[in-house]
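Look through the sequence and the model first.

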Amino acid sequence: MSMSNMAVLCGKIGRSGCGVNPLRGQNNVQGACDMGAMPTDYPGYQKVDNDSVREKFEKAWGVPLNPKPGLKATEVFPAAIEGKIKGLYICGEDPIVSDPDTTHIIHALKSLEFFVVQDLFMTKTAEYADVVLPGISYAEKEGTFTNTERRVQRIRKAVTLSGDMRPDTDIITDLMNAMGYPQPRLTPAEIMDEIASVTPSFHGISHERLDGGESLQWPCTDKKHPGTPIMHVGQPARGKAWLYPAEYKAAEELPDEDYPFMLTTGRILYHYNAGAMTLRSPGLVDIAGEGFIEIHFKDAERLGIKNGERVLVQSRRGKITATARVGRKVSQGETWMPFHFPDSPVNVLTNAALDEFARIPEYKVCAVRIAAAGC
């Protein structure tokens, strides 16, 4: 929000090459959010607690809809432990690898009465599922992905593989019918047409236009609209920009005498999120195939740790080992680890404390201690 404030104050909104560009963690995160994969929104960020919006979708889908926003993803796991959520359906996520405090996540999954995973591979999370539904990859199906600049991009089927895996839409359509909703099977183009019919910002987007070579960025409000390369041209879409002062709050857990180092986590170039796909690529594994921890050389000298040695990393939630990378990439008192690798599952260490707004965990701050692996 502070970055947004700066962009507004400096006149960097609604102009080419300006604004704030928050890079998404994976492809089509933007598209998933656009399509209502959030507990507060229907497609196109139409709010579930807006009476007129809800009535529109009730009419389109022929069912009554709950006016109450749901839980955010990180709030689901505590609710499962408390018994408030009995069943869970996870599609394309591996929270045992990617979410903080792995022990907490496993406890939540074991607390469920029924658990379904729909994914490409038997992930760590899928190992805990009662039912696993095998989906297919981007290269095996038709559809669209939407990138960070709101550009809706066609993906086209490139390969056909043998096996029991199926398109996500076919699996979900069968499930809808099995649960009593008469859902006809639609092609990806027909699904996009339904999206356009109930989503004002997508009214003009169709596979026909995309296949004809048009490059469309929402809002695209009718079939002749060229799309919107830059948002907020002339003035902000809501009329005035909202300056939002952000108040500093300390992290839930900071270094102390027992756990003197601050650990932050992130991604590396060669691997993709939980590594379910990239860790199956021999070439990528040859380049980057094991977990590591970045340590400042002065901290390493004091601890008697040499570059390339295996070290023990421990927090209040668990302990793991990792290969030390000694250098200057991190400051003294700080460490850094990627979260992709099963030999060093760093989210065993991280803290599930959530911020009050986005309910995002403290991936970037947790207190740890480090010692040579033999100690």
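What covers the buried residues of H8? Keep in mind that this is a predicted model. Start with the helix itself. H8 spans residues 188-198, and its buried residues are Met192, Ile195, Ala196 and Val198. An α-helix has 3.6 residues a turn, so residues three or four places apart point the same way. Now look at the cover. It includes two helices, H3 (51-61) and H9 (207-211). Strands S2 (46-47), S6 (143-146) and S7 (151-155) are also included in that cover.

Asp34 lies in helix H2, which runs over residues 29-34. Is Asp34 buried or exposed? Asp34 has a relative accessible area of 1%. The cut-off for buried is under 20%, so Asp34 counts as buried. Its side chain has a polar partner there: a contact of 2.8 Å links it to the side chain of Trp218.

Move on to a sheet. Three strands form an open sheet in the order S3-S4-S5, and their pairing is parallel. Which strands stand at the edges? They are S3 (87-91) and S5 (131-134). Each has a single partner strand, so one side of each has no neighbour in the sheet. From one strand to the next, the twist averages 10 degrees. Strands of a sheet pair through backbone hydrogen bonds, either parallel or antiparallel. Look closely at one pair. S4 covers residues 114-119 and is joined to S5 by 4 bridges. The two strands run parallel. Within this pair, Val116 of the model stands opposite Val131 in S5.

Finally, step back to the whole chain. The protein chain has 11 helices and 16 strands. Its radius of gyration is 23 Å, close to the 21 Å that the globule rule gives for 375 residues, so the chain is as compact as a globular protein of that length. Along the principal axes, the C-alpha atoms fill a box of roughly 65 × 55 × 45 Å. Of the 375 residues, 37% are buried. Among contacts with a separation of 6 or more, 59% are between residues 24 or more positions apart. The accessible surface comes to about 21,200 Å². Carbon and sulfur atoms account for 56% of that surface.

Notes: Residues numbered from 1 in each chain as written. Predicted model: local features only at pLDDT ≥ 70, side-chain atom pairs only at ≥ 80, totals over all residues. Heavy atoms only, no water. Pairing = 2+ DSSP bridges. Axes fitted to C-alpha atoms, helices over the stretch in contact; angles between N-to-C directions. Rg over C-alpha atoms; globule rule 2.2 N^0.38 Å. Buried < 20%, exposed > 50% of the residue type's maximum accessible area, 1.4 Å probe, protein only. Contact = heavy atoms within 4.5 Å. Areas by Shrake-Rupley, 256 points an atom, 1.4 Å probe, with all protein chains shown as cover. Polar contact = N/O pair within 3.5 Å; in protein donor to acceptor, adjacent residues only side chain to side chain.
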